[in-house]
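I opened this entry to keep track of what I looked up, one topic at a time. The structure goes in first, and my notes come after it.

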Amino acid sequence: MPSNDFWKTYTYTGWGRALSATGEIARPERQLALTTLPAAPAMGQCRSYGDAALNDGGRIVDMSRLDRVIGFDETSGVLHVEGGAQLGTLARIFAPRGWLPPVMPGTGFATVGGAIAMDVHGKNHHHAGTFGQHVIEITLVQNGEPIAITPGNSLFRATVGGLGQTGVIASAKIQMLAAKGDVMMVTERRIPGWDAFLSQLDASEATYSVGWIDATARGDNLGRGILEEGETGAGLVPAPKPSKSIPMNAPRFALSSPVVRAFNSLYYRRVPMAGRTVVKPIQEFFFPLDRLHNWNRLYGKRGFHQFQCVVPSDQSPALRDMLAAIAVSGLASPLAVLKRMGPGTGGMMSFPMEGYTLAVDFPARTEAAPLIHRLEEMTLAAKGRIYLAKDALSHADHIQAMYPERAAWAEEAAKADPDGSLQTDLIKRLNLRRLK
Amino acid sequence: MTQTWLVLGATSSMARAFIRAVAQDGHAVILAGRDLNDMESTATDARAHGAPLAQVHRFDARDPDTFPALIETMTEQDGVLNAAVFVGSMPEQSTIDADPSLIDGTITDSFTGPARVLQMLAPVLEARGSGTIVGVGSVAGDRGRIGNYVYGAAKAGFHTYLSGLRNRLTRTGGHVVTVKPGFVDTAMTWTVEGMFLVAAPQSVARDILRAVTKKKNVIYTPGFWRLIMTIIRLVPEPIFKKLSV
Ligand SMILES: Cc1cc2nc3c(=O)[nH]c(=O)nc-3n(C[C@H](O)[C@H](O)[C@H](O)COP(=O)(O)OP(=O)(O)OC[C@H]3O[C@@H](n4cnc5c(N)ncnc54)[C@H](O)[C@@H]3O)c2cc1C
Ligand SMILES: NC(=O)c1ccc[n+]([C@@H]2O[C@H](COP(=O)([O-])OP(=O)(O)OC[C@H]3O[C@@H](n4cnc5c(N)ncnc54)[C@H](OP(=O)(O)O)[C@@H]3O)[C@@H](O)[C@H]2O)c1
């Protein structure tokens, strides 16, 4: 089939819906079709908030139909899967058999390709490291040629966390994690303020842990929230509730500051003072938002941004200062997450570093950009990093300063993609492929 | 009792969604089509989703030599035997206008090829006294239109065939579901312009399985196409012939 038959013009957005792109899109339905396409960047489920999976005026390859399990070894737990497979689906089918994707981000819609290209982290990062650290082989398609790469060589380290710049991830072999079953025992505790939060996170020995922060709380309550700790288990729980969908854009007042403050306060008190332990289906612990399809429409037409940074352990006061700046801005949404990170990373451009990571959503109002820029500067000063899966606004020189292996990575990417066909809007905006 | 589904045209994304759904229900699948490599991937995926057995067979609607092996394999399976036909091809009408010899292939892919396989399978189902056949036709088969009347004619032929087969198999406990999809988001329609209300293959698969369970005879998927096609069929020919819908 001539490749013309594969492309059509399409307008699409990042998950935050503040940035969009119009360009040609192809959606191969089988591996053979993937190899006949001219080089173009790949798109998973576009769960990156900003422009990581956008290519305005250029081409993009939608991987959603290449989503099959193509091999599984029940004894070793090694899974061979196509790049477009969604982690939530893999969790659903393999958890009852005692295996889980080793690392799961906060959405089960993320694909294997997207999880590798962003080297995603999950609620177990402090123990298990990143997704890429559990990948034992990747089949990349470079200019129509499939090649298999394994850990240890520099192309592999440039591909994991490599923002899709070394080729399209057609399939990968992943070492799945043994799990006790498909339910979660979750302990939830109220944490009254910032210092307590950090010490509880440090003290936590749970396999999975995550903090929800009330980003509207100030003064003595600054940094209050709920710490959730989870372990997998076996047993019976009510089936996951059916999903719902947000049919259209919400009006502006839906996430106005008084509404968010009231919501957060209720959400905080939801957990009894003494804490509680509940048993949940696995997906409700890992992917709490997925049940509400298109929840990004809650932010209205203009969309929203997520700011996510990580700072080294000894720089935690910088995070508290950020939280204080966010609380007084009146811009915070209910979505704010604090996690401890371990040292694990899988690639040259991976985001994590040992320390703490904070993620907060902001509606894309005019006042949001200056606030996010301020947070970006605070991150830089604290020797931290901004997560490119979430970024839409950062400055090129700041980001380049935050990723020390960027130049070496750019060289690998240049070898893999000499004419720069795989560049996305994010890569161009931040000039990430600059050599030297 | 164990159930086995023979799926003709197993590389179609509509078929793939259907295969996953029946695999999740714990049924065995026999995949038939031209791209063996691709079907191997779908077979592994079906096993991961719960199919106790997933096999791959070469099948070309234009090569009747590939038919008997399918019937043989099906006969070897225990329990209830079912078949679902997703095969079809839709060359652009203008391409057919330029090369009328393409008509034969279009009719073979969408009608006579699969019909021959079903005709060979029918006695096996009759002998078992059970089994369901799903035939995917198209709203395009409900009335001939300027834009795709050769494809439409093939589908119309297939609809009529399925209706007769239903009449036959009912007598021995079998059942036939005729499926008429509207626009579905697959490779066939990816670059076709003027599509609207396009359905996901997964929702078509769900509709098909619901129709199988409820023993429906003819379904439109999504359901609102029944209304649209009723209106289109009601337009008097003197007016219809001047329209380009
Ligand atoms: C609600 C929510 C919660 C989240 N929580 C977390 C979290 O806890 N931890 C975390 O790390 N992230 C988190 N994320 C971010 C998300 O995991 C990443 O953005 C992930 O990359 C999304 O996967 P995707 O398949 O949608 O990829 P996309 O967003 O479509 O693409 C991301 C990047 O991967 C590349 N890419 C995608 N597929 C391929 C492929 N097959 N081959 C080559 N390159 C490819 C794209 O070109 C792009 O550069 C969250 C996102 C949401 C919406
Ligand atoms: N998409 C729509 O909007 C729509 C609407 C109404 C009806 N339908 C019908 O739905 C069915 C599935 O189509 P689809 O949309 O999923 O498109 P598709 O991907 O093009 O599926 C067509 C299938 O038919 C197979 N096929 C074609 N000629 C064949 C031959 N000679 N021998 C064996 N297999 C052959 C193809 O196999 P290969 O992979 O080997 O080519 C493919 O599996 C078709 O019957 C189609 O007519 C589709």
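Predicted model: local features only at pLDDT ≥ 70, side-chain atom pairs only at ≥ 80, totals over all residues.

**Entry 1**

I began with the strand order. In chain A, 8 strands make an open sheet, and I read the order as β16-β12-β14-β13-β19-β20-β18-β21. The pairing is antiparallel.

Next I picked one pair of neighbours in chain A. Strand β13 (residues 208-213) is joined to strand β14 (residues 225-233) by 6 bridges, and the two run antiparallel. I wanted one residue as a landmark here, and I took A:Tyr208, which stands opposite A:Gly230 in β14(A).

**Entry 2: helices on the sheet**

I looked up two helices of chain A that touch these strands. Helix α9 (residues 316-329) packs on the sheet and touches β13, β18 (304-312), β19 and β20 of chain A. The direction of α9 makes about 15° with that of β20(A). Helix α6 (residues 194-203) of chain A lies across β12 (183-191), β13, β14, β19 (336-341) and β20 (355-363). I noted that this helix runs at about 45° to β19(A).

**Entry 3: a hairpin in chain A**

I moved to strands β8 (residues 135-142) and β9 (residues 145-149) of chain A, which run antiparallel and are joined by 5 bridges. A:Gln142 has A:Glu145 in β9(A) as its bridge partner. How many residues lie between the strands of this hairpin? I found 2, and one residue of the hairpin, A:Asn143, takes a positive phi near 50°.

**Entry 4: ligand 1**

I counted the surroundings of ligand 1 next. The ligand has 33 residues around it, and the closest are A:Ala42, A:Gly44, A:Ser48, A:Thr111 and A:Tyr387. By class, the shell holds 19 nonpolar, 11 polar and 3 charged residues.

I listed some contacts made by oxygen atoms of ligand 1. One lies 2.7 Å from an N or O atom in the side chain of A:Ser48. Backbone atoms take part too: a polar one of A:Gln45 is 3.0 Å from an oxygen atom of the ligand, and for a polar backbone atom of A:Gly114 the distance is also 3.0 Å. How much of ligand 1 does the protein bury? Alone, the ligand exposes 960 Å², and the protein buries 97% of that.

Three elements of chain A give two or more residues to this shell: β3 (42-43), α3 (112-117) and β10 (168-175). I noted that α3(A) gives the most, with 3 residues.

**Entry 5: ligand 2**

Where does ligand 2 lie? I found it between chains A and B. Of the 27 residues around ligand 2, the nearest are A:Arg30, B:Thr11, B:Tyr151, B:Val184 and B:Thr186. I sorted the shell by class and got 11 nonpolar, 10 polar and 6 charged residues.

One is 2.6 Å from an N or O atom in the side chain of A:Arg30, and for the side chain of B:Arg34 the distance is 2.8 Å. A polar backbone atom of B:Val87 is 3.0 Å from an oxygen atom of ligand 2. Taken alone, ligand 2 exposes 880 Å², of which the protein buries 91%.

In chain B, α1 (13-24) and α6 (149-169) each supply at least two residues of the shell around ligand 2.

Technical notes
Residues numbered from 1 in each chain as written. Chains lettered and ligands numbered in written order. Heavy atoms only, no water. Pairing = 2+ DSSP bridges. Helix = DSSP H or I, 4+ residues; strand = E, 2+ residues; numbered from the N terminus. Contact = heavy atoms within 4.5 Å. Axes fitted to C-alpha atoms, helices over the stretch in contact; angles between N-to-C directions. Near = heavy atom within 4 Å. Polar contact = N/O pair within 3.5 Å; in protein donor to acceptor, adjacent residues only side chain to side chain. Areas by Shrake-Rupley, 256 points an atom, 1.4 Å probe, with all protein chains shown as cover. Nonpolar A, V, L, I, M, F, W, Y, C, P; charged D, E, K, R; others polar.
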